[in-house]
Amino acid sequence: MSAPTSTHEPDQAAPAGARSWVGRTPGASSRIASDPRRRRVPYLVLGVLLVVGCTAGSVIIVLQAGDREPMLALARPVTVGDVVTPQDLRQVPLSADPGTDVIPASQAQSVLGQPVAYSLPAGTLLSRSALGRPQVPPPGQGVVALAVEAGQAPPNLAPGTTVTVIVTPGTGASASTSSGVSGGPWQASVVSVAPQANDQTTVVSVQLPTASAEEVAAIPPGQLALVAVAAGGA
């Protein structure tokens with residue numbers, strides 16, 4: 001009796017691709033490689049670092065701002081002897097060093113009604129030394145009055161303006177008496193401006209070092225001109 005012939009064929013080995021992962025069907029995408037949560041981790045770390053950096057920057061700014069205190073400054077020019085009014089003052093945030101002479105805005109009431117000792121331009125930080133009995137001229141300085149005609153000085157000169165005094169060529173009789181006149185230019189500060197009745201001549205009093213004031217006073221009338229410049233300019 002012949003042995004039965006089995007029609008069952010041996011199992012064929014699964015393709016290599018099917019054996020890559022146990023229990024995963026061929027062609028299935030890798031959840032580990034494509035998991036979006038893993039890709040978002042670097043961005044989350046970056047976001048945390050940005051938040052920390054911004055917070056630290058804000059703390060530094062707040063600390064720096066905390067060191068600044070409003071100080072008093074002049075809102076407009078003042079002339080020596082003027083009495084300080086509320087309209088003359090404004091506040092300027094400033095980090096003042098200990099021992100400085102500037103006046104905090106919290107002490108504004110103690111300033112009102114006091115005279116200023118000097119002619120000062122707008123924007124000047126107010127100090128205790130700038131108040132009190134007029135100090136014109138201060139030690140080492142001199143004040144000289146200049147009669148300037150139309151065209152020899154800006155029409156809007158005001159006390160506290162910084163000017164450069166220069167010698168201009170004379171004409172007619174003035175020229176014959178001023179031969180050899182030279183010197184300057186000199187930098188000065190305007191103390192007062194007094195227009196004359198004829199509207200052709202203006203008397204401008206300027207303050208400058210004593211030696212320079214004597215040189216300017218020796219220049220014949222009509223041969224000086226004033227140029228308004230920025231404070232500290234030449």
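Predicted model: local features only at pLDDT ≥ 70, side-chain atom pairs only at ≥ 80, totals over all residues.
I'll start with glutamine 152. It sits in the loop that joins strand E3, residues 141–149, to strand E4, residues 162–167. Is this residue buried or exposed? Glutamine 152 has 14% relative accessibility, so it counts as buried. Its side chain comes to 2.7 Å from the backbone nitrogen of glutamate 149. If we set aside the neighbours within four places in sequence, the contacts of glutamine 152 are Ala147, Thr168, Gly222, Gln223, Leu224, Ala225 and Leu226.

E6 gives the most, with three residues. Sorted by class, the lining of the largest pocket holds nine nonpolar, four polar and two charged residues.

Last, the salt bridge. The count for this model is one. Aspartate 88 pairs with arginine 76, and the closest N and O atoms are 2.5 Å apart. Both residues are in the loop between strand E1, 69–74, and strand E2, 89–94, and they are twelve residues apart. How do the two partners stand in terms of accessibility? Aspartate 88 is buried because its relative accessible area is 6%, under the 20% cut-off. Arginine 76, at 39% relative accessibility, counts as partly exposed.

Technical notes
Residues numbered from 1 in each chain as written. Heavy atoms only, no water. Helix = DSSP H or I, 4+ residues; strand = E, 2+ residues; numbered from the N terminus. Buried < 20%, exposed > 50% of the residue type's maximum accessible area, 1.4 Å probe, protein only. Polar contact = N/O pair within 3.5 Å; in protein donor to acceptor, adjacent residues only side chain to side chain. Contact = heavy atoms within 4.5 Å. Nonpolar A, V, L, I, M, F, W, Y, C, P; charged D, E, K, R; others polar. Salt bridge = Lys/Arg side-chain N within 4 Å of Asp/Glu carboxyl O.
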